[in-house]
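Biologist: I want to learn how to read a model like this one. Can you walk me through it?

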Amino acid sequence: MKRRVVVTGLGALTPIGNEVVTFWNNLIAGKSGLGYITRFDATDYSTRIAAEVKDFDPLLYIDKKEVRRTDLFVQYAIAAAKMALQDAGIQIDDQNAERIGVYIGSGIGGLPTLESQHTVLMEKGPKRVSPFFIPMMIGNMASGLVSIHTGAKGPNSSSVTACASGTNSIGEAFRLIQHGDADVMVCGGTESTITPMAFAGFSSMGALSRNNDDPQRASRPFDKERDGFVMGEGSGVIILESLERAKARGARIYAEMIGYGMSADAFHLTSPAPDGNGAARSMLAAVSNAGLELTEVDYINAHGTSTPLNDLYETIAIKRAFGDHAYQLSVSSIKSMIGHLLGAAGGIEAITSVLALYHQILPPTTNLEHPDPECDLDYVPNEMRKASVRTAISNSFGFGGHNATIAFKVYEDV
Amino acid sequence: MATTLERVQKIISEKLDVAIEEVTLEASIREDLDADSLDVVDLIMDLEDEFGLSINEEAAEKIAIVQDIVSFVDAQKANT
């Protein structure tokens, strides 16, 4: 018998808010976190815009020495994890530590460190490469250091599935609680790659928006004039807990997590499959795992990257999976406001899906000004909407053809 | 001109995030100043750059307290 799993804590660091309440309020107000790149001189780059986290102070969460020994993606994860645990009211101690685990994914890892240390290698030689280079760079270190800084001694791992990393990490954590391996999981995604190499590489792929004249309107999922994604950064971490434990301690329950599904396109390095087959099967797997009828799904938090291909194929996939019901449910992409947080996207979007259920509000897809005849679903255009939403699913798709979907529903004490 | 000790204190204080006053001659790098093995390697790189000398692994292993660093640096300087 699988155990029931609920969401009892949320922590976020985003381009529109350095904690969850500010993030959510800005999100439903349709505020944009996009602007010009400040992290490096992007003058010579075809894309000069990003969605940066603003005014982050790592010293609120770790000491100065640890700041020097960690990359930003790890600092973001520690911040989000500590906020989420505090929000859940969970204190980790000798009695419970071994039943509390961590599963935080990153798509890329410590690219800023890799780049700066490579420069050291070229300019000063191998004897000056920092002993912290490897532990700062490796992508599993978010989960590793969150456990060190919180004392969580249970299952500890991370998914590396590009832009699906956050969603896969939450899905895997969900199963660990369902199957009894842990009672609490601190899970989600983190990313920080606003660096010269990342922009050079993603630009060469043609993946990034080049709307440098109007940053706040550059990310426009499902709009006819979309021309690529805008890179964001940050971290989204949720606390999953067995229902039994949450009830025993009288915890606030935001929502119930009910399903997880995944699939592979087996098609192309970076392009999603044109027939939407892989993405559709991921959604169907999550819906089936959740024990839902297709018609019970009210809201889809889309991957919705604002690239010409993703948004078209995701729309096709939703129709393929849901048939006529695709036109009854609502879909939105918050990447219109916070950009694409790569491996952190699934974490933030899980928080968004959970809060949509908790507050009965659907966040909008902003910048949807020119309808694309091929994208003809209800994308909650431009304004948030109060709605009766019982179940929500959240999609993430990663380069390599990874598709992952997680499902939540309003918690009912039955 | 700053003494060897003052220069060593400044580097250790910045690297290990400890107050200058804690970096006494008798302070143990690992125990009193809370450096792990990676901090020690990192610290040695900075000391090499600061004093323009090379600290080989054998010499590095002998460093336990702040006095060991000061003595090593002064001895190297006397030899040149």
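Biologist: What should I know before reading?

Modeller: This is a predicted model, in which local features need pLDDT of at least 70, side-chain atom pairs count only at pLDDT 80 or more, and totals for chains, interfaces and linings use all residues. Residues are numbered from 1 along each chain as its sequence is written, while chains are lettered from A and ligands numbered from 1 in the order in which they are written.

Biologist: How do I read a UniProt annotation, and which residue does "active site" cover?

Modeller: UniProt positions are given in the numbering used here, feature names are shortened, and annotations may be inferred rather than shown by experiment. The "active site" annotation, from an unreviewed UniProt entry, covers Cys163(A). UniProt also places "domain: Ketosynthase family 3 (KS3)", again from an unreviewed entry, at residues 2–410 of chain A. That span is 33% helix and 18% strand, and its end C-alpha atoms lie 19 Å apart.

Biologist: Where does Cys163(A) lie?

Modeller: Start with the element names. Helices (H or I, at least four residues) and strands (E, at least two) are DSSP runs, numbered from the N terminus. Cys163(A) lies in the loop between strand S5 (156–157) and helix H7 (165–178) of chain A.

Biologist: Is Cys163(A) buried or exposed?

Modeller: Count C-beta atoms, placed from the backbone: 20 or more others within 10 Å means buried, 12 or fewer means exposed, and in between is partly exposed. Cys163(A) has 28 other C-beta atoms within 10 Å, so this residue is buried.

Biologist: Which residues does Cys163(A) touch?

Modeller: Two residues are in contact if their C-beta atoms, placed from the backbone, lie within 7 Å. Leaving out residues up to four places away in sequence, Cys163(A) touches Gly107(A), Leu342(A), Gly343(A), Ala345(A), Ser396(A), Phe397(A), Gly398(A) and Phe399(A).

Biologist: How many residues does each chain give to the contact between chains A and B?

Modeller: Chain B gives six residues and chain A gives seven. On the chain B side, the largest share, four residues, comes from helix H2 (residues 37–51) of chain B. Now sort by class: Ala, Val, Leu, Ile, Met, Phe, Trp, Tyr, Cys and Pro count as nonpolar, Asp, Glu, Lys and Arg as charged, and the others, Gly among them, as polar. The side of chain B that touches chain A has four nonpolar, no polar and two charged residues.

Biologist: Which residue of chain B does UniProt list as modified?

Modeller: UniProt lists Ser37(B) for "modified residue: O-(pantetheine 4'-phosphoryl)serine", from an unreviewed entry. Ser37(B) is found in helix H2 of chain B. Ser37(B) counts as exposed because 9 C-beta neighbours lie inside 10 Å.

Biologist: How do I describe two packed helices?

Modeller: Use the angle between their axes and the distance between the axes. Axes are lines fitted to C-alpha atoms, for helices over the stretch in contact, and angles run from 0 to 180 degrees between N-to-C directions. H1(B) and H2(B) pack at about 140 degrees, with their axes 10 Å apart. That makes H1(B) oblique to H2(B). Angles under 35 degrees count as roughly parallel, over 145 as roughly antiparallel, 65 to 115 as roughly perpendicular and the rest as oblique.

Biologist: Which classes of residue make the contact of H1(B) with H2(B)?

Modeller: That contact has five nonpolar, no polar and six charged residues.

Biologist: At what angle do H1(B) and H4(B) pack?

Modeller: Helix H1 (residues 4–16) and helix H4 (residues 66–79) of chain B pack at about 125 degrees, with axes 10 Å apart. H1(B) is therefore oblique to H4(B). Thr4(B), Leu5(B) and Val8(B) in H1(B) meet Val66(B), Ile69(B), Val70(B), Val73(B) and Asp74(B) in H4(B). By class, the contact has six nonpolar, one polar and one charged residues.

Biologist: What is the phi of Asp17(B)?

Modeller: Phi of Asp17(B) is near 55 degrees, a positive value in a residue other than glycine. Asp17(B) lies in the loop between H1 and H2 of chain B. With 15 C-beta neighbours inside 10 Å, Asp17(B) counts as partly exposed.
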